[in-house]
Amino acid sequence: MTDKKIFGVTALFNDPNAIIAAARKVASSGFTKWDVNSPYPIHGIDKAMKMKPSKLGIVTLIFGLSGAALALILMWWTMSVDYPMIIGGKPYFSLPAFIPVTFEITVIMATLSTVVAMFAFFFGLPRNSHALHDTDYMKKVSRDHYGIVIEATDPNFDEKATLQFLKDLKPLSTEIIYHSEKETYPIFEPRFIGLLLGVAVVVSIGTYLMLNKLMYIVPFDWMDKQAKVIPQSGSEFFADGRGMRLPVEGTVAKGFIPYPFEGQTNPTEVLSNPYFPTKESLELGERKFLTYCSPCHGNYGDGDSRLAGQFPNPPTLHSDRARSFSDGMIYHIITVGQNVMPSYASQVTRDERWAIVNYIRALQRAKNATDSDLNFVKAE
Amino acid sequence: MHNNELTYQRKDLPSSISKIGMTLLIVGIILGVAAFFVDHTRAVYNYLIAFTFMISIGVGALFLIALEYIVGADWSVPIRRVVEFFAATIPLLALLVIPLLFNIGELFHWSHPEAVAEDEILNAKAPYLNVTFFIIRVFVLIGLWSLFYFFFMRNSKKQDTTKDQKLTTINIRLSAIFIPIFAFTITISAIDWLMSIEPHWFSTIIGVYFFAGTVIAALAAVTLATVLLKENGYLHPAMTNDHLYSLGALLFAFVNFWGYIAFSQYMLIWYADLPEETFWFMQKWEGSWAIFSIGLIIIKFLVPYITLVSQPAKMDPRKLKFISIWLLFAHFYDLFWFVMPEMEELSGGYSFSWIDLVFPIAAVGLIILVFNMKAKKENLIPIGDPKLQRGLDFHL
């Protein structure tokens, strides 16, 4: 018995008013390491114990405010700086729309931080065992009694004197609590680990069945089967059987300029290149040429396809015929296609097509360079 | 902890209270009558604001009584009489409404048959918005409120002498009936008195909006009276600042609730951007009304929120006195902001007139007088209530 270490002494009461009176006496006799245990919060116990106001509110305030700031910065950055999008005709930065999100983030940051701070600072994690656990005292104060415990680490603690002090408070009973001889870690018990695993398995199976099976069973499939038109699918609703509607006749999409020379073989007189072969234009042309033209025409326009015979090779762009084409002719070919080459009007915009023309001109010049061209290079 | 003997010595309120109330009321009435002669329309609109303010104080207090019974609150029992005295203004509403009924034509566009005839929307709303049904509604509502006030008060008074616990049970049952009726009637009053001034506009949240403001006003009045009475020793000495804390916390909760509801109303209308709804808010953005609109956010939400947010502030008598006066003003301001831009002459912006200050004076005077009258007749503490001891023992 004597080699056991004392944790503290406890006293039990069976009346909330008695515990408040007792707590008042303990608080005024100078003890610091002591606590009251009760099955539910007792009104007025904070004052009786002379406890200082909790500091938890500060954590809540700081994290609540940073939640609000964070949410606003996030929405401001994503919605009006990084990827501005017009939604419902509202300005990029429209505060009323952001308030609900700000409110939610504020609340969630404030509450979560409060819970985490409570665990970290007040519950003494990661300690997972306590001398009071599994004692008769703890079982009683968890049910229908109220208890006071004075810990041995208190500077005023003296085994006999403190016990007598508690007895003078006229409790139901007093008890000396010892530290248990060996530390036990209930979280490593097979039973507990088994329980965790069991819960994990049940939750996983449940989630799997919910998301993969239940959602496709009548009547839970209402999300899956909606009365709406899916893109590229037919619809009995419209007379022509198409789900997607054609634009109204004679209308033109925003930013689109109709091409008036379709079907003509050589509209070169009216089509002239509006762009000078500047550095920007040539770089844009190179990028687009490598993306859209080079698979068939080859990286340098030699007609050496990278498609290894899956598609007929086009003739080289460096033939005399190709070199004699006007800019407008090349533009026309890109726009409407020629022989097996399809139209690239939907992939490459008008400006990009002219840039490609400029780039092809540069390629042709390079492939058929003369000695005099070297003088320019040397001059640089 | 226990005060085994419940000692309560009845004390009459000082006579200066009735003098203050009487002076305010008489000054208010004289200036009010003058206002009707100077600018009839403006006087009617201001009278409407003061009237809805009176509804807020009276019916809001009645709601607080029912709330105490139905949730089984202990802490508010020692101050229930204060709440009941404010609810005593309810039967007066039947008298106060009469000047408004004579001016229905001035206030409500829908009351003119020739205007309704050429307006498709008003035509469709005519089965509800017509003068006969309106007057019936007004008196049915005031009748219902008065009836419940009468029953609550009679049982509460009877308990002072009989100390019969059954009376509490009866009042709990009455509360269960009253709460849904209250929800319904306060919504109808909001629609009738506030929303139908602009009969083309509609907001489905208007009832809750008025309810939130109503409870704020009633709570503020109760808090102010409680703090003043407690400071001057008219309430039970066992009452602590913990009781005040509950009032402060409720005020804080309802300030938040009002902010939530007011913003919800604004955001939904702003988001949907339908012209038939947005024009109402646009009116409140015309000229100097924009300042009033911004002011509403500051006065009715930001200032009370910041004042009451910390725990000690909710039980500080000085701060509570300040904020309850502030919130009473804020509720009046809210109603003013709601009603006045609908007046045709003021639709482009606010211009000051002394008439706007007259009717609140009379309303405050009347409330003080009624409170004082009831305080002379009844005990300031419900001494027969079985929960009184627990209420006095209340600690945080």
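Two residues are taken to be in contact if their C-beta atoms, placed from the backbone, lie within 7 Å. The structure is a predicted model, in which local features need pLDDT of at least 70 and side-chain atom pairs count only at pLDDT 80 or more, while totals for chains, interfaces and linings use all residues. Residues are numbered from 1 along each chain as its sequence is written, and chains are lettered from A and ligands numbered from 1 in the order in which they are written.

In chain A, helix α10 (residues 327-336) and helix α11 (residues 350-367) have axes that come within 9 Å and cross at roughly 125 degrees, where helices are DSSP runs of H or I with at least four residues, strands are runs of E with at least two, and both are numbered from the N terminus. The axes are lines fitted to C-alpha atoms, for helices over the stretch in contact, with angles running from 0 to 180 degrees between N-to-C directions. From α10(A), the residues A:Asp327, A:Ile330, A:Tyr331, A:Ile334 and A:Thr335 meet A:Arg353, A:Trp354, A:Ile356, A:Val357 and A:Ile360 of α11(A).

Chain B has 17 helices and zero strands, and its C-alpha atoms fill a box of roughly 70 × 40 × 40 Å along the principal axes. Where the chains meet, 10 residues of chain B are in contact with nine residues of chain A.
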